[in-house]
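Dear colleague,

Please find below the structure that I am handing over to you.

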Amino acid sequence: GEPKNPMLLLLPFALAYGQTVRNPASVHSGRTILRQAQSARGFVPFSRPSPVRMPWSQKALDILGVRRNVLMRAGAGRREIDTSEVTVVTGGGTGIGQAAALRLAKRGMSVLVVGRREAALQETKQLAEEQGLKGKIIPVVADVTEEKGRQAVVDAVEKLAKGGATLRGLVHNAAVNTPCKRMMEIPQDEWLKVTDINVNGPLFLTQKLYPLFGKDNPERNRVMMISSVARTCTGLPAYGPYCVSKLTFYGLHLMFKEEMTEGKNPVYSASLIPGEVDTEMQRATAYGQDDGVFPENLVKYWREIQESGQLLPPEVTGAFMEYVLCDTTPEEFQKEEWFIYDTKHHKDWAHEFPDVKIVEPQGLF
């Protein structure tokens with residue numbers, strides 16, 4: 001009889017069709033300068049894939065349209081998640097941290113939102129309740145630059161573990177980009193504050209949580225490092241404290257990737273650049289600094305992307321973070337750095353936002 005799916009009639013033609021494809025890789029100013037700077041240091045996370053020959057079975061699927069993005073649109077490519085899975089999100093009270101936490105709770109996950117401002121964390125919890133999300137938002141008021149704060153996070157994870165939950169994710173999102181001072185002018189105490197928040201806190205919190213990740217299905221154990229093109233330390237005078245700390249932060253990711261996959265209970269690490277997002281930090285950078293702190297061209301750029309609507313809504317970046325954290329294989333997760341403006345992965349998650357232009361603003365470098 002006739003096949004139930006008429007598209008199967010095309011299968012013989014699809015199997016007979018051969019082609020060499022090159023994985024798409026977009027080029028944009030931020031990535032270009034990043035690649036140049038990293039190449040000088042001996043590592044290039046944005047390597048362009050070489051041409052590959054697709055097997056006949058994959059060609060058939062590609063031609064028939066039975067691809068991963070189709071499954072994702074239908075929800076079939078998204079694994080099931082419930083409140084037994086726990087993710088810790090630092091800086092989960094505002095901006096992209098809040099957006100990511102809500103996306104994970106929407107999937108069904110228990111999310112520990114960590115930060116120093118209780119009111120902001122409670123707002124995230126309230127939003128989740130108002131939206132009727134099937135997961136849980138659990139505020140943890142803690143300063144993870146201090147041992148007491150890191151232990152508070154550990155205690156919260158262990159409390160959930162007693163009820164049968166398992167730690168699966170850690171998102172290092174919290175960071176500061178101030179003070180904005182030149183390297184020859186920044187006082188030691190201000191420098192140490194930036195490095196404590198942007199580097200030391202993430203390192204020592206990861207140390208504390210590493211033994212608590214799940215023993216079963218370890219491919220779900222993941223650490224996500226929220227990075228920035230600012231780590232190129234190029235073209236951004238007076239932004240040195242943030243740039244250098246983000247460069248060091250990226251180095252942490254590389255070492256996590258090198259070391260935490262070893263042994264019987266691997267944990268995978270990924271670095272993700274969220275793009276230019278409409279957040280409090282972005283607004284403070286554009287309008288909150290004294291005249292003369294930054295070169296005029298930088299101030300003009302930051303204000304122009306604010307006023308021209310080029311900033312991404314936090315919800316878009318939150319969806320991207322959810323996809324990378326939950327719906328990629330371990331190999332995909334940590335193979336190369338994730339950049340939100342890369343078009344090659346938009347088909348897997350960005351279809352939710354047809355009216356948002358996920359395009360990198362030009363003019364920074």
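Rings of Phe, Tyr and Trp are counted as a pair if their centres lie within 6.5 Å. In this predicted model, the structure holds eight aromatic pairs. The rings of Phe 339 and Tyr 341 form an edge-to-face pair, because their planes stand at 90°, with the centres 5.5 Å apart. Both Phe 339 and Tyr 341 are buried. Elsewhere, ring pairs join Tyr 239, Tyr 242, Phe 294 and Trp 302 into a cluster.

Two charged side chains also lie over aromatic rings. Arg 222 is placed over the face of Phe 333, 4.7 Å from the ring centre, and Lys 246 over the face of Phe 249, at 4.3 Å from the ring centre.

Turning to the sheet, seven strands form an open sheet with parallel pairing, in the order β5-β4-β3-β6-β7-β8-β9. Its edge strands, β5 (136-141) and β9 (338-339), each pair on one side only. Strands β6 (residues 166-172) and β7 (residues 222-226) are paired over four bridges; His 172 has Met 225 in β7 as its bridge partner. Helix α8 (residues 188-209) packs on the sheet, where α8 touches β3 (85-90) and β6, and its direction makes about 175° with that of β6.

Finally, helix α12 (residues 314-326) has 13 residues and spans 18 Å from its first C-alpha to its last, close to the 18 Å expected. Twelve of the 13 residues are buried, so α12 is largely enclosed by the rest of the structure. Among the buried residues are Phe 320, Met 321, Glu 322 and Tyr 323.

With kind regards

Definitions and conventions:
Residues numbered from 1 in each chain as written. Predicted model: local features only at pLDDT ≥ 70, side-chain atom pairs only at ≥ 80, totals over all residues. Heavy atoms only, no water. Helix = DSSP H or I, 4+ residues; strand = E, 2+ residues; numbered from the N terminus. Expected span 1.5 Å × (residues − 1). Buried < 20%, exposed > 50% of the residue type's maximum accessible area, 1.4 Å probe, protein only. Phe/Tyr/Trp six-rings, centres within 6.5 Å; stacked < 30°, edge-to-face > 60°. Lys NZ or Arg CZ within 6 Å of the ring centre and 35° of its normal. Pairing = 2+ DSSP bridges. Contact = heavy atoms within 4.5 Å. Axes fitted to C-alpha atoms, helices over the stretch in contact; angles between N-to-C directions.
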